[in-house]
Amino acid sequence: HYFRVKINNFKTMVVQSLDLFQPNEEKDVRSSIGKRKPISKTFIALAIFAIASIVVNKIAFRDSERRNLSISFTNGDCLWTDSQPLDENIINPYGTLFASYPAAGMRVTWQQTEGATGIKVSDDFFQLAYAKVGIVKTQYPHYEGIWSYGSNMNQVIYVIRNPRWGMPSYLTILSELNYAHTWELAYDYLPEVFTKRAPMDDWIKWRDYRFNDEMRLWGLHIDFFMSDGDQYWMPVDFERNGQWPFQYYNESDRPWPKDYHCANDIDSCVPVAIISYERIRHPVHGPGELHKIANALRGKHGMTVLPEDNIECIWHDTWVSTLAPYNDNRDRNGLPRTAYNFTLEQIIKMKDKLEEYEAKYSSGSWANMTHAQDLVWNFQYYLVEVREEIAQMEANPPPTAAPDAGYHDELVAWYNSKGKGNRYDKGKVQNMGIWE
């Protein structure tokens, strides 16, 4: 349907042009030797097409020298163009921070955002020598993210995904990046991202060792932004990972301190919009999610956003035209995503966490907050999937592993071997130059 609309629009343009330039069946022009020759409609159509191509190429070349805002047409049609870094001549552009827990579907979100704005979305972790301005994506305060954008941000858009699928995807990213814990190491493995899923043995070990902590952090990450920066980690925990000798705060420790950056470097950490990974991918709901992003950016200093009427078109065109890889590409190598499962005990704990957060953000002052209710809608959607999976597992119980007293020690050793555990080992901290 999309391409048929484009073809019909072009046909209409040609027909209208023919009517304009050749009202009769044939039209004459002077040749170079003074003779009159008839020109066919086909010749004129080809000439118009050539001229139109030159104009479009000139527009594309002109835009490539600054920002490439996708092209909008008055009939709601559009033309996707590749994004460009924000014009460095713009002084103090309005900053928007896209925040999410790891593997929450940020790639799809920033691809759609770049399609609607023509502005390249920066990463908090890579190319630290360059200023982080305009639109930046981050996983902060998760220990995989850093606040590398100073006071350049003004608002937050939060991206959320069902942890049932987000958690296996997170391990896959770690595996593709060879469990790198610095941006220099991670950069070397970027070509591997979105190419293959993690080995099943790694998934089982990581899942069994990290499940409780990951589910807790998933919730704390949401709470951090919704509370405008309630800091769940101890001030001396410089990696914010809660590992011994530190731990995350409990409810009994409230009031928790406020994060320095939320208090001093941004207008507010409370999201102005909640974007659902599941919905932004959906052929019916996807354009609506992109509308939310466009509305949050439109009218802000330095931001270029397509008109409202063109958002649905650019949502479709971005899927067709963007060159970056997708999560689905991983299905071409190895096992499909549905092979990465949880134990019945774990999936029940996940259900309990989702029910806890559904109740939390449905009550009190949250009940009258639009963005909190967007969260609730997502929690309810996730619960449908998780409850169905529990019902299937209970109807056909998976085999239970025999007790193994040394299994936990094996998991600890494996996690440490990946450079992710024992982060506060005395020797490591001394080598970081923060312990004399």
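Five strands make up an open sheet, ordered β6-β7-β5-β8-β9, and their pairing is parallel. The edges are β6 (122-123) and β9 (271-276), each of which pairs on one side only. This is a predicted model. Helix α9 (residues 286-297) packs on the sheet, and α9 also packs with α3 (residues 106-117).

**Strand β5 and its partners**

- β5 (96-100) is mostly covered. Five of its five residues are buried.
- In a regular strand, side chains alternate between the two faces of the sheet.
- Both faces of β5 are covered. Thr-96, Phe-98 and Ser-100 are buried on one side, and Leu-97 and Ala-99 are buried on the other.
- β5 runs parallel to β7, and four bridges join the two strands.
- Leu-97 has Val-156 as its bridge partner in β8.

- β8 covers residues 155-160. Five bridges join β8 to β9, and these two strands run parallel.
- Ile-157 has Ala-273 as its bridge partner in β9.
- β9 is an edge strand, pairing on one side only.

**Helix α3 against α9**

- The axes of α3 and α9 are 10 Å apart, and the helices pack at an angle of about 55 degrees.
- At that angle, α3 counts as oblique to α9.
- The crossing of the two helices is right-handed.
- α3 contributes Thr-109, Gln-112, Thr-113, Ala-116 and Thr-117 to the contact. α9 contributes Leu-290, Ile-293 and Leu-297.
- By residue type, this contact divides into four nonpolar, four polar and no charged residues.

**Cis peptide bonds**

- Tyr-140 and Pro-141 are joined by a cis peptide bond, with omega about 5 degrees. Pro-141 is in the loop between β7 and β8.
- Arg-254 and Pro-255 are also joined by a cis peptide bond, with omega about 5 degrees. Pro-255 is in the loop between α6 (200-226) and α7 (260-264).

- Asp-228 has phi near 65 degrees, a positive value in a residue other than glycine. Asp-228 sits in the loop between α6 and α7.
- Asp-228 has a relative accessible area of 27%, so this residue is partly exposed.
- Arg-240 has phi near 55 degrees, again positive in a residue other than glycine. Arg-240 also lies in the loop between α6 and α7.
- Arg-240 counts as buried because its relative accessibility is 10%, and the cut-off for buried is under 20%.

Note on methods:
Residues are numbered from 1 along each chain as its sequence is written. This is a predicted model: local features need pLDDT of at least 70, side-chain atom pairs count only at pLDDT 80 or more; totals for chains, interfaces and linings use all residues. Side-chain values use heavy atoms; hydrogens and water are left out. Two strands pair if DSSP finds at least two bridges between them. Contact means heavy atoms within 4.5 Å. Axes are lines fitted to C-alpha atoms, for helices over the stretch in contact, and angles run from 0 to 180 degrees between N-to-C directions. Buried means under 20% relative accessible area, exposed over 50%, partly exposed in between (1.4 Å probe, protein chains only). Angles under 35 degrees count as roughly parallel, over 145 as roughly antiparallel, 65 to 115 as roughly perpendicular and the rest as oblique. A crossing is left-handed if the near helix is turned anticlockwise from the far one by less than a right angle, and right-handed if clockwise. Ala, Val, Leu, Ile, Met, Phe, Trp, Tyr, Cys and Pro count as nonpolar, Asp, Glu, Lys and Arg as charged, and the others, Gly among them, as polar.
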